[in-house]
Amino acid sequence: MSEIKTKSYTLRGEHGEWLGQVVLTQDGMFASVTDYGNLSYAWRAYGENKDFREFIASLNISYFGSKLFTGMAYILHGKSCEKACHRFAEKILPPLQAILRRELDEGVSW
């Protein structure tokens, strides 16, 4: 069994307010505890030889929110859940992407 590396990110809003904590794993898992819900998803195919952080940094809000909803749709149904997942994506994905891009630009490893 190989070792899977993880990184934890604390996300803050424009005024320093706490938005949430996100954990990424090197093999494609996103997990979060945030002010907008606690959501997770695992991408098991996100591009051959691609860093998962690069993949997350390249996503658009609509795709990301849809994947989070897909993960929840097994147990919840309805437009209100789908809207909540998209609101989560709008609030959480952009600050996470900013951190990831900075890390990648600076060559920070897992």
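Helices here are DSSP runs of H or I of at least four residues, and strands are runs of E of at least two, numbered from the N terminus. The model is predicted, so I kept to its limits: local features need pLDDT of at least 70, side-chain atom pairs count only at pLDDT 80 or more, and totals for chains, interfaces and linings use all residues. Residues are numbered from 1 along each chain as its sequence is written, and side-chain values use heavy atoms, without hydrogens and water.

I looked up the aromatic pairs and found ten (Phe, Tyr and Trp rings, the six-membered one for Trp, with centres within 6.5 Å; planes under 30 degrees apart are stacked, over 60 edge-to-face, the rest tilted). Trp 43 and Phe 55 are edge-to-face, because their planes stand at 65°, with centres 5.6 Å apart. Trp 43 sits in the loop between β4 (40-42) and α1 (52-57), so its pair with Phe 55 ties together parts twelve residues apart in sequence. Phe 55 also pairs with Phe 52, stacked at 6.0 Å centre to centre and 20° between the planes. I noted Phe 52 and Phe 55 as buried (under 20% relative accessible area; exposed is over 50%, partly exposed in between; 1.4 Å probe, protein chains only). Trp 43 is buried too. One aromatic cluster includes Trp 43, Phe 52, Phe 55 and Phe 88.

I then turned to α3, residues 79-105, where Phe 88 is among the buried residues. Gly 107, which follows α3, has a positive phi near 70°.
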